[in-house]
Amino acid sequence: KDLEYTEATIAAIATPIGPGAIGVIKVSGSLSEKILKRLFRSKKPIKEFQSHRLYYGYIVNPETETPVDEVLITLMRKPHTYTREDVLEIYGHSGYLVLTKILELVLKEGARLAEPGEFTKRAFLNGRIDLSQAEALLDLINARSEESLKLALNQLRGALAEKLRPVREALLSALAVVEVAVDFPDEDVEIISHYELAENLENQVLEPLKELLKNYQEGRLYREGIAVVIAGRPNVGKSSLLNALLAEERAIVTPIPGTTRDIIEEFATIKGLPVRLIDTAGLRETEDLVEEIGVKKAKEKIATADVVIFMLDGSLEPTEEDLKLYQEIKAMPHLVVINKIDIASHENLNRYREIFPQEKLIFISARTGEGLEALAEAIFELVTGRTEEFIPSVVPNLRQKMAIENALKATEQAISNLKKTDIYPELIAIDLRDALSSLGEITGETTTEDLLDRIFSNFCLGK
Ligand code: GDP
Ligand code: ZN
């Protein structure tokens with residue numbers, strides 16, 4: 001690594017501060033053992049601490065020998081530690097005062113306060129994990145659903161780096177061939193034809209990178225969830241549907257039209273996808289100022305939706321207002337849902353079929369629950385393009401996705417230059433090197449201090 005790295009011993013409180021059972025203070029660096037010996041007292045004095053063993057005793061203020069807390073400690077000698085440095089962990093009682101007192105003593109003995117993510121940064125700088133694993137750790141800490149947890153765990157095992165290894169190798173061997181042409185321009189030794197080279201790059205570089213980009217799109221759905229807006233004129237049953245999908249009555253349902261003035265949002269899962277359900281007020285023209293604000297908000301919500309459920313009342317004939325609303329939403333990804341089929345007549349339902357011949361209507365009853373499963377499936381299919389649940393095993397994050405896109409662009413350029421009649425190996429070599437360095441950013445082979453700071457500052461203290 002060509003990164004500057006000063007060997008200071010760092011320390012931090014590694015557990016959330018509060019009146020929990022235990023609090024952990026983590027220390028990493030060469031001073032760990034010296035600090036331990038200065039601050040720790042046990043019944044029988046310990047001459048030589050064994051690595052990775054728990055000891056029971058007290059932390060004392062070495063100036064006065066007054067005990068600060070009753071603790072368990074463990075000293076873990078490098079290299080078999082999180083940071084690949086000597087690590088000391090002190091398990092104390094988790095009060096703010098006690099933990100900060102211990103931390104103060106540790107700092108007095110020569111450690112400095114760790115920056116957010118600095119322990120993990122050291123694990124990376126000392127070669128224990130690659131950058132994508134460090135980021136996976138961050139995802140793991142922040143994971144909100146079972147699916148996102150699985151994704152983070154895969155990444156932590158190094159799945160992305162593994163997937164990229166053959167891609168990098170393909171780029172490197174292409175670069176080697178091209179560089180021979182740069183170095184010996186007059187020799188007419190074609191070890192491998194330009195077309196063959198281009199084809200290799202297409203199969204071994206473009207394809208896997210495109211697959212990763214697709215995974216990004218799908219993984220994003222699971223990580224961030226989708227927004228489903230329920231739109232329709234008053235009284236068609238929007239709030240009822242929201243409640244039915246939540247399987248509990250959270251929004252107030254009322255038979256008086258126009259009472260859902262504000263936007264109501266609730267969270268649910270549809271086939272493993274985290275879903276934000278948004279119930280809008282009717283979108284009709286109105287004189288009422290309060291309602292006008294509601295209408296404006298509803299329009300804004302619709303514009304950002306992943307899916308708009310356009311709802312109609314099957315127990316009534318379609319109205320002018322329905323058709324007007326349909327015009328507002330039809331450019332968005334949408335589903336046309338006919339509600340209240342439990343009380344709807346065949347004549348009415350057929351009228352809807354005639355009016356929306358181009359739509360695949362979904363018939364439901366928010367009251368009896370009929371058709372809700374089909375609706376959930378239609379929502380899932382509309383956003384994922386799949387009928388079955390599918391979670392890609394390797395999903396890049398936004399930063400990694402951008403690096404992949406850069407690598408893809410550079411490789412595409414190299415390929416198009418390889419296919420020309422006049423070949424300039426120097427230019428192709430530049431593109432291939434660009435692609436390699438972009439991919440290197442993902443795992444951390446090529447990084448800048450700036451990038452590292454940005455990534456690791458997202459961690460909390462003590463990680
Ligand atoms: P919103 O104004 O679109 O949110 O409509 P609500 O959900 O408040 O429902 C308006 C009225 O229609 C209420 O009296 C509901 O009980 C009734 N309703 C909603 N869905 C159904 C349904 O599937 N069948 C029947 N029979 N009534 C329903
Ligand atoms: Zn409502």
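Helices here are DSSP runs of H or I with at least four residues, strands are runs of E with at least two, and both are numbered from the N terminus. "Buried" has a cut-off too: 20 or more other C-beta atoms lie within 10 Å of the residue's own, while exposed means 12 or fewer and partly exposed is in between, with C-beta atoms placed from the backbone. What you're looking at is a predicted model, where local features need pLDDT of at least 70 and side-chain atom pairs count only at pLDDT 80 or more, while totals for chains, interfaces and linings use all residues. Residues are numbered from 1 along each chain as its sequence is written, and chains are lettered from A and ligands numbered from 1 in the order in which they are written.

Back to helix 8, which covers residues 238-246 and has 8 of its 9 residues buried. Those are Lys238, Ser239, Ser240, Leu241, Leu242, Asn243, Ala244 and Leu245. Just after the helix, alanine 247 takes a positive phi of about 60°.

6 strands form an open sheet, in the order 9-10-8-11-12-13, and the pairing is mixed. (Two strands pair if DSSP finds at least two bridges between them.) At the edges sit strand 9 (264-270) and strand 13 (362-363), each pairing on one side only. In general, strands of a sheet pair through backbone hydrogen bonds, either parallel or antiparallel.

Strand 8 runs parallel to strand 10 (residues 273-279), joined to it by 5 bridges, and parallel to strand 11 (residues 307-313), joined by 4 bridges. Take isoleucine 230: its bridge partner in strand 10 is aspartate 279, and its partner in strand 11 is isoleucine 309. Valine 229, meanwhile, stands opposite valine 308 in strand 11.

Where do the nonpolar residues gather? In soluble globular proteins, nonpolar side chains tend to be buried together. A nonpolar core here is a set of buried Ala, Val, Leu, Ile, Met, Phe, Trp, Tyr and Cys residues joined through C-beta atoms within 7 Å. The largest one has 66 residues, and Ala11, Ile25 and Val106 touch the most other members. Both domain 1 (10-127) and domain 2 (141-221 + 397-443) give residues to this core, so it lies between them; the domain bounds come from an automatic or database domain assignment. A second, separate core of 36 residues includes Ile226, Ile329, Val337 and Leu375.

Let's zoom in on isoleucine 25. Leaving aside neighbours within four places in sequence, isoleucine 25 is in contact with Ala11, Ile13, Ala14, Ile90, Gly92, Leu99, Ile102, Leu103 and Val106. Contact means that the two C-beta atoms, placed from the backbone, lie within 7 Å.

Next come some positions from a database record. An unreviewed UniProt entry lists Lys26, Glu89, Arg128 and Lys463 under "binding site"; the positions use the numbering here, feature names are shortened, and annotations may be inferred rather than shown by experiment. Lysine 26 has its place in strand 2 (residues 22-28) and counts as buried, with 24 C-beta neighbours inside 10 Å. Arginine 128 is found in the loop between helix 3 (118-125) and helix 4 (131-142). With 17 other C-beta atoms within 10 Å, arginine 128 is partly exposed.

Stepping back, the protein has 15 helices and 13 strands, and buried residues make up 35% of its 463 residues.

How far can you trust the picture? pLDDT is the predictor's confidence in each residue, from 0 to 100. Its mean for the protein is 84, and 85% of the residues reach 70 or more. Over residues 1-5, though, the pLDDT is below 50, and this stretch has 4 contacts beyond near neighbours in sequence. Residues 248-261 are also below 50, with 26 such contacts in the model. Where pLDDT is low, the predicted coordinates should not be read in detail.
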